Amino acid sequence: MLVLTAAMDRQRLSSIAHSHHPIAAPLSGVNVNRLLRRAGRRPAARILDLGCGEAAWALQALAHHPDGHADGVDLNPYALERATEAAAVRGLADRLTLHERDARSYVPDGDYDLVLCVGSTHAFGGFGETLELAGRHVNADGVLMVGEGFWEVPPTPQALAALGVKPDDHTDLAGLVAAAEQAGWTPVYAHVSDAAEWDDYEWSWTGSLTEWALDNPGHPDAAGALATAREHRDQWLRGYRGVLGFVTLVLRRI
């Protein structure tokens, strides 16, 4: 979806872009909390956030599970640094353990009550692979929460070009639910992000990069960051806005 400058570190750019939207998915805080409430209320839950970024989901989940513990897994050291700071500010540092590693190599023990992978299915190679690999971490009665894109309407050539995908790289919402059931999971709740959530996410993403570039005009990566923000904004507005949807599924085993 993103074309990044060669000069600027990919992980640092991603961290800057999400600095004003740490959830890193098109969801409002109200809906994040609604999803977490539907995912269960075990006070001492074990929680795993795969592709956690700044661990916004894991930290909010801990607020719903006052005696719980969360593990966050991500490759981005800048995002994990922010996660560490956020955990300290919220008094949750002793209940969050961060792991700088590839989510695919995190050893499954099958004993997590809640496993999160929202907007990070690319780390596993797609939706089906996420259900299989992330699902290995979930205990028999646990919940797998996955956020994934789908075609809101049939994809246009402009949307496909902007996203750099083929039509069958995504399905529609019904197809996504069917794929989950075929893999042995069924939704007990879901949230489809609306246009306002998408717009807030995209404006925050491009705006954070733009502001960083404008505030650091002498930085060697400023021009590249500004160009990346402009290109991404163009891809969104002229390409996939209103075409690509996003759903967060709360799944349990069938």
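These are a few notes on the overall fold and on how helix 8 packs against helix 9.

1. Ground rules first. This is a predicted model, with local features needing pLDDT of at least 70 and side-chain atom pairs counting only at pLDDT 80 or more, while totals for chains, interfaces and linings use all residues. Numbering runs from 1 along each chain as its sequence is written, and side-chain values use heavy atoms, leaving out hydrogens and water.

2. The protein has 9 helices and 7 strands (DSSP runs numbered from the N terminus: H or I of at least four residues, E of at least two). Its radius of gyration is 18 Å, close to the 18 Å that the globule rule gives for 254 residues, so it is as compact as a globular protein of that length (taken over C-alpha atoms; the rule is 2.2 Å times the number of residues to the power 0.38).

3. As for burial, 49% of the 254 residues count as buried (under 20% relative accessible area, 1.4 Å probe, protein chains only).

4. Now the helix pair. Helix 8 (residues 195-215) packs on helix 9 (residues 222-240) at about 160 degrees, with axes 7 Å apart (axes are lines fitted to C-alpha atoms over the stretch in contact; angles run from 0 to 180 degrees between N-to-C directions). That makes the two roughly antiparallel (over 145 degrees).

Conventions: Parallel < 35°, antiparallel > 145°, perpendicular 65-115°, else oblique. Buried < 20%, exposed > 50% of the residue type's maximum accessible area, 1.4 Å probe, protein only.
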